[in-house]
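Here is a short tour of one protein chain. Keep the sequence and the 3D view open as you read.

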Amino acid sequence: MLESLGLNREEQDLYEELVSRPPVRATELADRSAALAKLVELDLVTLAGTEPPRYVVLPPDTALDVLARRRERELAAARRTMVELTVRFHGSTSRREPADLVEVLHGDQAIAQSMSRLLLGARHEVCGWDAPPYRDDPNQVNQLEIDQLRRGVAFRVIYDRRGSVDRPGRLAALIQGIADGEQARVGDVPMKLIVTDAPMAFVPFDVHATHHETALLVHDPVMVDGLAALFELYWRKAVPLATYDGQPPAADRPTATERDLLALLMSGFTDNEMAAHLGWSERTVRKHIDGMRHRLDADTRFEAGYQAVRRGWLGHRG
């Protein structure tokens, strides 16, 4: 409890013991002299001029309050130093070498390590474009993202319509990410991109490569701000990824097939894109959509989407 005031476990135990005891002689604490010396240094205990001399605990409400105020002043001074150092850091970027502003990453291991460092360094938000190529299975769960979401770090991701989303089985992984707290949209993005408020950013060295062997980790705040502004432009144009609410099918609930179709349909996918994603033919897609329209008593796809939302078949996220 008192560690934040500068006491270790042994010192705290001794202090709590002395609070409940009458004044004690130094000889009674010979085996705990180091802890006792610390309590005296912090003005929690004093040596009374009795005969023989005894150690007396000062009133805790006063002594601990004084100590807490001292720690507050130290923390305030540390914050001022942090601000000064931050200003000096950002002010020195114009004098730093290009190699210090943009870090060149070579190989899968260096890229993977830097991606982890990037996500862990985020304080409040991570923004990104999800596009191929992929180093790993794109359907697997990103545990690091989940951990950061639980810590309160926000994630906004734009998934590339044809490269990132348009693959069998991918929708389930996206829905799980949204359930974990991610804000997801679908659009056309030119490459991979990750921007954090550290500030740092990750971009591929060759956006047309089929496998990223080289990438850039950007530290320059000016460049990161520019990439963040670019992300916001794409974010405003992207379509929120519609997802079903996860309730089990019932008399007036969508079937599993209808849920998948609705999620793709409401996210702006064409028949061809839905067919490719689900592994169906376009004719099968249209057949299922027509059946769903009939069940929703809708004449058009737009009306079907409206009725689905109205009946609670869909929940919009992101």
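A salt bridge is a side-chain nitrogen of Lys or Arg within 4 Å of a carboxyl oxygen of Asp or Glu.

## The model

This is a predicted model: local features need pLDDT of at least 70, side-chain atom pairs count only at pLDDT 80 or more, and totals for chains, interfaces and linings use all residues. Residues are numbered from 1 along each chain as its sequence is written, and side-chain values use heavy atoms, leaving out hydrogens and water.

## The chain as a whole

The chain has 13 helices and 13 strands. Both are DSSP runs, numbered from the N terminus: helices are H or I with at least four residues, strands are E with at least two.

Of its 318 residues, 38% count as buried. Buried means under 20% relative accessible area, exposed means over 50%, and partly exposed lies in between (1.4 Å probe, protein chains only).

## Helix α1

Helix α1 covers residues 9–19. Its buried residues are Glu11, Gln12, Leu14, Tyr15 and Leu18. They sit on the same side of α1, because they cover an arc of only 165° around the axis. That arc is taken from the directions from the helix axis to the C-beta atoms.

Asn8 caps the N-terminal end of α1. A side-chain oxygen of Asn8 lies 3.1 Å from the backbone nitrogen of Glu10.

## A buried lysine

Lys192 lies in the loop between β7 (183–187) and β8 (193–196). Is Lys192 buried or exposed? Lys192 counts as buried, at 15% relative accessibility. Its side chain reaches the backbone oxygen of Ala131 at 2.8 Å.

## Salt bridges

Side chains of opposite charge can pair when their charged atoms come close. The count here comes to 11 salt bridges.

Glu103 pairs with Arg117, with the closest N and O atoms 3.2 Å apart. This pair links distant parts of the chain: Glu103 is in strand β4 (residues 102–106) and Arg117 in helix α5 (residues 108–121). Glu103 is partly exposed at 26%, and Arg117 is partly exposed at 38%.

## Around helix α12

Asp290 forms a salt bridge with Arg293, the closest N and O atoms being 3.0 Å apart. The two are three residues apart in helix α12, so about one helical turn separates them. Asp290 is partly exposed, at 40%.

Asp271 forms a salt bridge with Arg286, at 3.9 Å between the closest N and O atoms. Asp271 belongs to helix α11 (residues 271–278), and Arg286 to helix α12 (residues 282–295). Asp271 is buried at 14%, whereas Arg286 is partly exposed at 37%. A network of salt bridges links Asp271, Glu282, Arg286 and Arg301.

Notes:
Polar contact = N/O pair within 3.5 Å; in protein donor to acceptor, adjacent residues only side chain to side chain.
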